[in-house]
Amino acid sequence: MSGTITTRITALLAAALLATAAALTGASAASADDLAATSDDTLAEIEATPWPEYSMGDVDADILAAKLLITEQGFDPGAEDAEFDGEFRAAVLDYQAANDLEDSGTLNAETWLLLREQTFGEYGPGSRGNVVRAVQHLINAKFEAHLGVDGIYGPDTEDAVRWVQDFFGIGVDGITGEYTFRALVTYQDYDR
């Protein structure tokens with residue numbers, strides 16, 4: 001009899017955990033970039049802006065961000081800097097080959113799209129790591145935010161993301177999702 005009760009309790013707990021996970025997953029997708037508060041025109045404009053393309057010898061904050069994202073995907077890009085060097089090219093080639101992309105060895109639109117898809121859902125308060133550092137670097141480089149690049153999504157990073165979202169016309173929620181990330185990378189009208 002006690003085995004049956006244990007089995008039932010285990011089944012109920014498993015069902016409750018699955019329901020909680022499903023609810024959290026649904027909440028994450030719904031709250032990232034506050035899409036309900038973002039116009040369809042703004043979303044279309046962000047998606048239509050071309051991804052920047054980089055290759056050997058280029059130097060840009062976007063490259064540093066890509067290095068951090070590629071690291072997050074398990075590939076070693078070499079030095080953590082903004083230079084597209086031979087080590088980063090090798091990491092890009094490995095990443096492209098592992099994901100059945102054209103092995104161009106360049107940071108092209110197809111590679112950016114997959115990095116975005118594999119990385120973002122959402123990053124917000126309490127998030128930590130390389131992806132947060134990439135967001136912090138991009139905001140510092142393109143908006144002179146002077147954030148500490150510590151990989152911790154604290155109040156300063158959240159405030160900066162809110163400002164950036166307002167700048168781009170994205171529903172302001174302080175959470176970096178796919179649209180905020182793409183807007184940050186594709187925004188090229190800043191002082192270098």
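Both Phe 120 and Phe 181 are buried (under 20% relative accessible area, with a 1.4 Å probe and protein chains only). For Phe 120, the relative accessibility is 4%. The model is predicted, with local features needing pLDDT of at least 70, side-chain atom pairs counting only at pLDDT 80 or more, and totals for chains, interfaces and linings using all residues. Residues are numbered from 1 along each chain as its sequence is written, and side-chain values use heavy atoms, without hydrogens and water.

Rings of Phe, Tyr and Trp (its six-membered ring) pair if their centres lie within 6.5 Å; planes under 30 degrees apart are stacked, over 60 edge-to-face, and the rest tilted. Phe 120 and Tyr 123 pair edge-to-face, at 5.6 Å centre to centre and 75° between the planes. Tyr 123 is buried, with a relative accessible area of 16%. Phe 120 and Phe 181 are stacked, with 4.5 Å between centres and 25° between planes. This pair links distant parts of the chain, 61 residues apart. Ring pairs also join Phe 143, Trp 163, Phe 167, Phe 168, Tyr 187 and Tyr 190 into a cluster.

Helix α3 (residues 61-72) packs against helix α5 (residues 109-119) at about 50°, with axes 11 Å apart. Helices are DSSP runs (H or I, at least four residues), numbered from the N terminus. Axes are lines fitted to C-alpha atoms over the stretch in contact, and angles run from 0 to 180 degrees between N-to-C directions. Asp 62, Ala 66, Leu 69 and Ile 70 in α3 meet Trp 112, Leu 115 and Thr 119 in α5 (heavy atoms within 4.5 Å).

Key: Helices (H or I, at least four residues) and strands (E, at least two) are DSSP runs, numbered from the N terminus. Buried means under 20% relative accessible area, exposed over 50%, partly exposed in between (1.4 Å probe, protein chains only).
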